[in-house]
Amino acid sequence: MPTPPRPSPAPKRPSPKKPSPKKPSPKKGAPKESGSVKKPVLFGLVVVLAAGLLGFVSYRATAPDGSASGTPAAATATEPDPDVYQELAGLARRDAGDKQAQGRADAPVVLIEYADFQCGYCGKFARDTEPELIERYVDDGTLRIEWRNFPIFGDASEAAARASWAAGRQGRFWAFHRAAYAEDAKAKGFGKDRLRVLARQAGVKDLDRFTRDADSTAATEAVGVDRQEAYRIGATSTPSFLVNGRPLAGAQPTAVFTQAIEAAAAEEANVGSAGDPAK
C-alpha cells in the first residue's frame, strides 16, 4: 500500500512586534537653545507666574501713557505668591569669580540686569544711575550687580555681547561696559574694528586673544545662556532688572532703584541672604 503523505507542518506565526515607545514631539514655539546649551527645567508653574509678572512690568515701564514714574512698576502689579520672588532671587549666581559681576558674592541684595549694548535706555542707566548705586551700595557691601547679556537688536548687539564676554576673560568686562555705553559709542556702531577700539580703551592687553575669544563658540554659548534666562522669566524689553527677585523694567529714576535696594536690604536683615530661608 502506498504510504499516506505526511501532513505539512503548520506555518509558524510571526511573533508580534513590540511597539516602540513614541518620542514626544517638541512643542511648537518653544525657545531654542544656542549652541550645545541644554534647556533646564527651572521652576514649573512658578516660572509661568514670574514670566507673566515680568512681562506685565515690562509693559508698564514702556507704556505710552508715561507709566514709568517714580513708583516701581512692579508695585502696580498684583502681588504674586512670595515663592515667585524667592525663585527669581535664586537666579543670582553669586559666583566670586564671575567677571560680569561686581560687589561681594554674599551681599544681602543682588541686582540682576538684562541688557543690550545697543539699547539707549540701558546706556542711560549705565551712565546716570549705576555709578551712584555702586558708590552708595556696592562699595559698602550692601549690593551686588550681576550682568546678563540680552542682545535683542540684531547682529551688532550679538557681536557686542560676545566682545564684552571676551573682555571679561581678561578681567576688563566693566571697563568695556563703560566704554561701550559712553555717550557717543552707540552712534559709532559695533563693527569688528570698532569693538577692538573699545577693547583697547577698556585696557584689554591682548587684543588678538580678545578677537579669538569674541569669535569663539564659548562666547556664543555664554551669551546664549544669559539670553535664554531672560526669555524664560518673561523679559520682553531692555533693560530689565531683578532686585532680590522683584522685577523692575526700563530706565526708571534713580530713586526707584534706591527704594527697591533699601527695601530689599531691610527685608534681608530679618530673612538672610537673597533666596535663603529665614533665620
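Tutor: Helices are DSSP runs of H or I with at least four residues, strands are runs of E with at least two, and both are numbered from the N terminus. By that rule, Pro239 lies in the loop between H9 and strand E4 (240-243). This is a predicted model: local features need pLDDT of at least 70, side-chain atom pairs count only at pLDDT 80 or more, and totals for chains, interfaces and linings use all residues. Residues are numbered from 1 along each chain as its sequence is written, and side-chain values use heavy atoms, with hydrogens and water left out.

Student: How many helices and strands does the protein have?

Tutor: There are 10 helices and five strands.

Student: What makes the bond between Thr238 and Pro239 stand out?

Tutor: The peptide bond joining Thr238 and Pro239 is cis, with omega about -5°. Pro239 sits in the loop that leads from H9 to E4.

Student: Why is Ala185 called buried?

Tutor: Buried means under 20% relative accessible area, exposed means over 50%, and partly exposed is in between (1.4 Å probe, protein chains only). Ala185 has a relative accessible area of 0%, so it is buried. Ala185 belongs to helix H6 (residues 185-188).

Student: What does Ala185 contact, leaving aside its neighbours within four places in sequence?

Tutor: Contact means heavy atoms within 4.5 Å. On that count, the partners of Ala185 are Ala179, Ala180 and Arg194. Gly123 is 62 residues away from Ala185 in sequence, yet the two C-alpha atoms are 9.5 Å apart.

Student: Glu229 is charged in name; why does it count as buried?

Tutor: Glu229 has a relative accessible area of 8%, so it is buried. Glu229 lies in helix H9. Beyond residues up to four places away in sequence, Glu229 touches Leu91, Arg93, Tyr114 and Arg148.

Student: How do you know which residues form the buried face of H8?

Tutor: In helix H8 (residues 207-214), the buried residues are Leu207, Phe210, Thr211, Asp213 and Ala214. Seen down the H8 axis, they fall within an arc of 165°, so they line one face of the helix. The arc is that of the directions from the helix axis to the C-beta atoms.

Student: Which helices pack against the buried residues of H8?

Tutor: They are H4, helix H5 (173-180), helix H7 (192-201) and H9.

Student: What about phi of Asn244?

Tutor: Asn244 also has phi near 50°, again positive in a non-glycine residue. It is found in the loop between E4 and strand E5 (246-249). At 12% relative accessibility, Asn244 counts as buried.
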